[in-house]
Amino acid sequence: MGRLQNIEKAIDSLNPEAFHDLCDSFLMHKHSEYAAFVRSGIMGGKQKPVKGTPDTFILLPSGKYIFIEHSTNVTSGVKKLKDDICKCIDESKTGINVDLIQEIILCLSFKIKLADIHELKSVIENTYI
């Protein structure tokens with residue numbers, strides 16, 4: 001088995017909270033120029049989920065935000081991802097005006113189709129996200 005397949009197999013074996021940790025660790029390194037990196041969807045120091053939207057967010061030096069949602073729920077698939085995006089752009093759930101959201105990152109541990117990506121993009125069609 002190749003290295004990539006070993007990594008994919010290891011990721012598939014992670015529980016949702018460990019997957020959340022892995023994704024956030026990667027994104028913290030990718031976005032090292034941030035004003036704040038807040039993991040609002042997981043209890044600090046523990047692998048326990050906390051309800052809230054988004055799961056994680058990054059405040060950029062520009063004052064704009066990157067919202068991050070995590071999913072390992074392959075059975076709910078695209079429906080859950082669509083719900084996550086809708087919650088991210090709902091100011092009553094986030095307290096943030098949609099104009100301040102620069103990007104929404106979806107971290108998922110399952111495959112989706114090109115048509116699914118097109119469907120997800122349609123949710124933010126009338127925004128600058």
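Helix α2 (16-30) supplies the largest share, five residues, of the lining of the second largest pocket in this predicted model. A pocket is an open set of points on a 1 Å grid over the protein atoms alone, where a 1.4 Å probe fits, with protein on both sides within 12 Å along at least five of seven lines, and lining residues have an atom within 4 Å of a point. The space in the second largest pocket amounts to about 300 Å³, the volume filled by probe spheres set on the points. Ile11, Phe19, Leu108, Ser109 and Phe110 are the closest to its centre among the 14 lining residues. Besides α2, the elements giving two or more residues to this lining are α1 (3-12) and β4 (101-108). Ten nonpolar residues, one polar and three charged make up the lining.

Local features need pLDDT of at least 70 and side-chain atom pairs pLDDT 80 or more, whereas totals for chains, interfaces and linings use all residues. Residues are numbered from 1 along each chain, and side-chain values use heavy atoms, without hydrogens and water.

In helix α3, Gly77, Val78, Leu81, Asp84, Ile85 and Cys88 are buried (under 20% relative accessible area, 1.4 Å probe, protein chains only). These residues fall within an arc of 120° seen down the axis of α3, so they line one face of the helix. Their cover includes β3 (65-71), α4 (91-94), β4 and α5 (114-123).

Within α5, Asp116, Leu120 and Val123 are buried. They cover an arc of only 40° around the axis, which puts them on the same side of α5. Leu114, Ala115, His118 and Lys121, on the other side of α5, are exposed (over 50%). The buried residues of α5 are covered by elements including α3 and β4.

Definitions and conventions. Helices (H or I, at least four residues) and strands (E, at least two) are DSSP runs, numbered from the N terminus. Ala, Val, Leu, Ile, Met, Phe, Trp, Tyr, Cys and Pro count as nonpolar, Asp, Glu, Lys and Arg as charged, and the others, Gly among them, as polar. The arc is that of the directions from the helix axis to the C-beta atoms. Contact means heavy atoms within 4.5 Å.
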